[in-house]
Amino acid sequence: ADLDIDGATDIGAAIVDADLFIVDDGAGGTNRKVTASRIKTYAGGGKVLQVQSAKFSSETTVTSTTATATEITDQITCSADDSKVLVLVSMAAKMYEGSGTANTGRIILYRDIDSAGYGAIYGDETAYVSVGGWDAGTEVSTIQPFCLAYLDSPASDAAVDYKIYIRLDVSSASGSNITTGSSNMDSTITLMEIGA
């Protein structure tokens, strides 16, 4: 049937992903329907489609080599499964080296897709807070700012959680610990969906 579109009546509501548009398929005169979500994905290539952000002021201290979750976490649900997620973390970190052996601590980015379980995706070998070369029993005198940027490809349009974990490198350094967060410096995590 013919379409009669005069634009006289506004939709009167926000456009949602399930709304339908009519397009001319290949400029051949054949009208077809398309959802708003497909148009959004098509037009969003390389663009920031949404931003989620959270901040925290609490501290987490770890005294072992077992990766332990901090409270620095946020969740994002991408509009398409080929979107990427840019993860930005800004936080405070502090190391204390115990007796016996010098130590370092690691700050690791974990990811959980659709509540399937957390797994490390960045930082276990490349991003860490280091006080290497300092004597055992020495504490960093000031809180060190730490920043992390990682472009992830979760390949999912389900909910994705990102969380910071921390751990020590050396278990034999008695009394060593790593602390993230500070009441004097908020820690933030920002998640940006980037269209394919």
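Mentor: Two strands pair if DSSP finds at least two bridges between them. Keep in mind that this is a predicted model.

Trainee: How many bridges join β6 to β12, then?
Mentor: Four, and the two strands run antiparallel. β12 spans residues 177-180, and there Thr179 is the bridge partner of Lys94.

Trainee: In which sense do β6 and β10 pair?
Mentor: They are antiparallel, with nine bridges. To place yourself in that pairing, find Val87: its bridge partner in β10 is Tyr150.

Trainee: And what about β6 and β13?
Mentor: β6 covers residues 84-96 and β13 covers residues 187-194; they too pair in the antiparallel sense, over seven bridges. Here Leu88 stands opposite Thr190 of β13.

Trainee: Where does Ser115 lie, and is it buried or exposed?
Mentor: Ser115 sits in the loop between β7 (104-113) and β8 (119-122). Its relative accessible area is 65%, so it counts as exposed, the cut-off being over 50%.

Trainee: What is the phi of Ala155?
Mentor: About 55°, again positive in a residue that is not a glycine. Ala155 belongs to the loop between β10 (144-152) and β11 (159-168), and it is exposed, with a relative accessible area of 57%.

Technical notes
Residues are numbered from 1 along each chain as its sequence is written. This is a predicted model: local features need pLDDT of at least 70, side-chain atom pairs count only at pLDDT 80 or more; totals for chains, interfaces and linings use all residues. Side-chain values use heavy atoms; hydrogens and water are left out. Buried means under 20% relative accessible area, exposed over 50%, partly exposed in between (1.4 Å probe, protein chains only).
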